2 protein chains.
Amino acid sequence: MNLHSLAIKCVDFELFLLDQTKLPHQEIWEKITTLPQMIAAIKELKVRGAPLIGVSAALFLAVMAKEGASFETLKKAAQELFQARPTAVNLMWAMDRMILKSVPKTSAELIKEAEMIFHEDVRLCLAMTKHGADFIHDGDGILTHCNTGGLATAGIGTALGVIRKAHEQGKKIHVYVDETRPLLQGGRLTAFECEKLKIPYTLICDNMAAVLMAAGKIHKAFVGADRVAANGDFANKIGTYNVAVLCHYHGLPFYPVAPYSTIDPQCASGKLIPIEMREENEVRGAKGSFGEVVWAPKNARGFNPAFDVTPATLITSFIFDHGVFNQAQLRMGAHLKS
Amino acid sequence: MNLHSLAIKCVDFELFLLDQTKLPHQEIWEKITTLPQMIAAIKELKVRGAPLIGVSAALFLAVMAKEGASFETLKKAAQELFQARPTAVNLMWAMDRMILKSVPKTSAELIKEAEMIFHEDVRLCLAMTKHGADFIHDGDGILTHCNTGGLATAGIGTALGVIRKAHEQGKKIHVYVDETRPLLQGGRLTAFECEKLKIPYTLICDNMAAVLMAAGKIHKAFVGADRVAANGDFANKIGTYNVAVLCHYHGLPFYPVAPYSTIDPQCASGKLIPIEMREENEVRGAKGSFGEVVWAPKNARGFNPAFDVTPATLITSFIFDHGVFNQAQLRMGAHLKS
């Protein structure tokens with residue numbers, strides 16, 4: 001097993017994660033050897049991005065299998081991993097596919113399955129970004145939120161992958177990057193990726209997109225997804241719903257981008273998606289490899305949902321690997337693979 | 001001259017400003033003795049809030065007059081102060097009233113005028129907040145942005161003053177405080193004031209208000225203003241327009257609150273309000289008495305307007321000291337004092 005993406009690598013059955021909490025200032029690879037370490041990496045967002053969480057957890061199970069873990073041990077591990085982040089469905093999808101809803105597999109089969117999940121995610125990114133780039137034209141100002149690039153998938157990304165694809169096609173674009181409080185995935189990670197890829201971008205605070213839309217600087221928005229319901233509603237990083245409302249008001253297209261593994265057909269509507277609530281201290285300041293500051297009064301109560309839900313009524317089209325579906329099609333469940 | 005508010009004091013013709021960049025962790029009063037010091041205090045937001053900037057600049061001129069500055073010196077000082085922050089009109093209004101558009105005054109007259117400006121601002125706050133509190137009811141969840149309380153005026157505030165008034169009337173309310181990136185006036189200053197006043201509040205990131213509106217937790221929004229145009233459009237802290245769009249989409253009332261001194265009758269529409277652009281480094285991280293962190297790539301370009309403009313079409317009613325004006329009235333210029 002020799003796999004390598006921007007943020008994970010698996011070499012000779014040793015799994016390494018690029019610690020994303022330390023980006024953009026430090027690029028430190030952490031070797032993951034124990035289940036508690038893997039779970040902590042997910043909870044602390046050392047590894048993040050709905051697709052990449054699923055891929056990395058699958059690879060971790062493959063490493064455990066290679067080391068001789070019993071099926072019972074692997075099943076228990078899969079169940080614990082399953083619960084590490086409650087909103088993103090790709091993790092559950094990967095655990096189901098590896099173990100929880102599959103016939104028992106041999107160690108060799110588990111390794112093969114994890115490799116397939118990795119390679120499939122790479123291909124899904126290519127398919128999504130090919131579809132999505134058709135919606136980008138010369139001169140476009142594009143808003144994106146959170147990070148949905150190579151750091152969030154095994155491939156080139158979902159929403160940021162679409163933007164990258166358009167850039168590689170030679171289209172003259174400018175990306176407005178929401179900093180994405182409180183964990184700053186935009187300001188740290190998307191900015192980091194845009195720098196590496198030399199995609200022209202401007203960093204903005206989350207409250208600045210509206211005025212750029214009113215000024216005609218932003219023409220469309222692309223975002224990722226952590227779970228897509230059967231009716232087309234979807235959960236994504238907190239602040240995504242805000243972006244969707246702003247696009248709606250300004251008459252701008254709003255495109256979420258996700259692989260089929262992000263769809264939860266069992267979830268009838270966005271109202272049923274569980275939303276992970278995180279610690280209040282994340283809202284009282286900022287923390288990372290860059291340091292830790294607390295600007296609010298020490299006892300200030302904070303509200304800190306990791307995700308919000310955007311209703312399908314605010315979606316122009318949902319871009320999947322298996323096709324692009326407009327609002328009417330989403331309502332009919334056309335995005336659900338049979 | 002013996003004047004004292006939450007953030008400025010003038011004792012025996014010595015002017016002190018509570019350094020708001022150091023709040024909420026440190027309460028440090030800075031004695032202002034020179035014009036460059038006063039201008040820097042305004043530019044660096046040590047003193048801030050459209051009404052308070054005007055009041056403090058007027059008091060500074062009074063101190064200069066007391067110390068024997070000539071009329072020419074005072075006029076030059078007023079012109080320099082006038083330009084310290086280009087958007088908030090109260091500063092220009094105060095400079096005009098003291099010197100630039102007034103008949104030459106004696107030192108004693110200038111001192112009296114500055115005292116009148118201070119006391120008038122206190123009364124204007126009382127009038128605004130009395131009007132505004134009528135719009136608040138038991139059980140209301142109220143969103144506010146930036147800081148518009150005792151730290152922003154000589155009195156109890158504009159928008160936050162309205163909220164304080166309702167709280168003092170015994171109404172059961174809960175305030176959602178936008179942290180207000182990049183300078184965190186909500187997270188630092190409004191949280192500080194709510195703590196002091198024991199007003200129940202929850203701190204949120206600017207991208208979280210939308211989901212609270214969708215969940216029925218926020219019922220209305222009150223914000224301040226830095227300049228009101230003749231057609232009712234107004235400039236206020238960056239992110240205010242975002243709040244206005246969100247209220248509009250969710251069918252929630254949106255109330256700006258300001259004294260008449262914030263109105264610029266010469267300014268026909270919001271499109272003509274000059275917007276101060278601030279340094280890009282403010283967007284790359286956060287800085288204050290709490291420390292300094294830079295989370296973005298060092299060379300990241302940032303967009304950093306200090307204010308945005310909200311069109312009158314998004315206003316439910318504009319609450320002034322001299323009355324409350326709905327959108328139709330604003331369009332007719334009913335808010336302009338003759």
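How many bridges join strand 8 of chain B to strand 11 of chain B, and which way do the two strands run? That's where I'd like to start today. The count is 3, and the strands run parallel. Before I go on, keep in mind that this is a predicted model.

Okay, strand 11 of chain B. On one side, Val223(B) sits opposite Pro256(B) of that strand. On to its pairing with strand 15 of chain B, residues 317–320: that one is parallel too, over 2 bridges. There, Val257(B) has Ile319(B) as its bridge partner.

Now, the side chains. In a regular strand they alternate between the two faces of the sheet. In strand 11 of chain B, Phe254(B), Pro256(B) and Ala258(B) point one way, while Tyr255(B) and Val257(B) point the other.

Strand 5 of chain B is joined to strand 6 of chain B by 4 bridges, in parallel. Within that pair, Ile142(B) has Val175(B) as its bridge partner.

Let me switch to chain A for the sheet as a whole. We have an open sheet of 7 strands, order 7-6-5-8-11-15-16, with mixed pairing. At the edges are strand 7 and strand 16 of chain A, each pairing on one side only. On average, neighbouring strands are turned by 25° against each other, ignoring direction. An antiparallel piece is strand 15 with strand 16 of chain A, which pair over 4 bridges. One of the bridge pairs there is Phe320(A) with Gly323(A).

And what packs on this sheet? Helix 9 of chain A, residues 240–250, which touches strands 5, 6, 8 and 11 of chain A. Its direction makes about 145° with that of strand 11 of chain A.

Which of its residues are buried? Leu74(A), Ala77(A), Ala78(A) and Leu81(A). They cover an arc of only 100° around the axis, which puts them on the same side of helix 3 of chain A. As for what covers the buried residues, the list includes helix 1, helix 2, helix 4 and helix 5 of chain A.

One loop residue, back in chain B. Thr313(B) lies in the loop between strand 14 and strand 15 of chain B. Its relative accessibility is 46%, so Thr313(B) counts as partly exposed. Thr313(B) and Lys298(B) are 15 residues apart along the chain, and their C-alpha atoms are separated by 40 Å.

Last topic, the two copies. Chain A superposes on chain B with a rotation of 180° and 0.0 Å of shift along the axis, at an RMSD of 0.0 Å. That is the relation of a two-fold axis. And 100% of the interface residues of chain A are also interface residues in chain B, so the copies meet through the same surface.

Methods: Residues are numbered from 1 along each chain as its sequence is written. Chains are lettered from A and ligands numbered from 1 in the order in which they are written. This is a predicted model: local features need pLDDT of at least 70, side-chain atom pairs count only at pLDDT 80 or more; totals for chains, interfaces and linings use all residues. Side-chain values use heavy atoms; hydrogens and water are left out. Buried means under 20% relative accessible area, exposed over 50%, partly exposed in between (1.4 Å probe, protein chains only). Two strands pair if DSSP finds at least two bridges between them. Copies are superposed by least squares on the C-alpha atoms of residues with pLDDT of at least 70 in both. Contact means heavy atoms within 4.5 Å. The arc is that of the directions from the helix axis to the C-beta atoms. Axes are lines fitted to C-alpha atoms, for helices over the stretch in contact, and angles run from 0 to 180 degrees between N-to-C directions.
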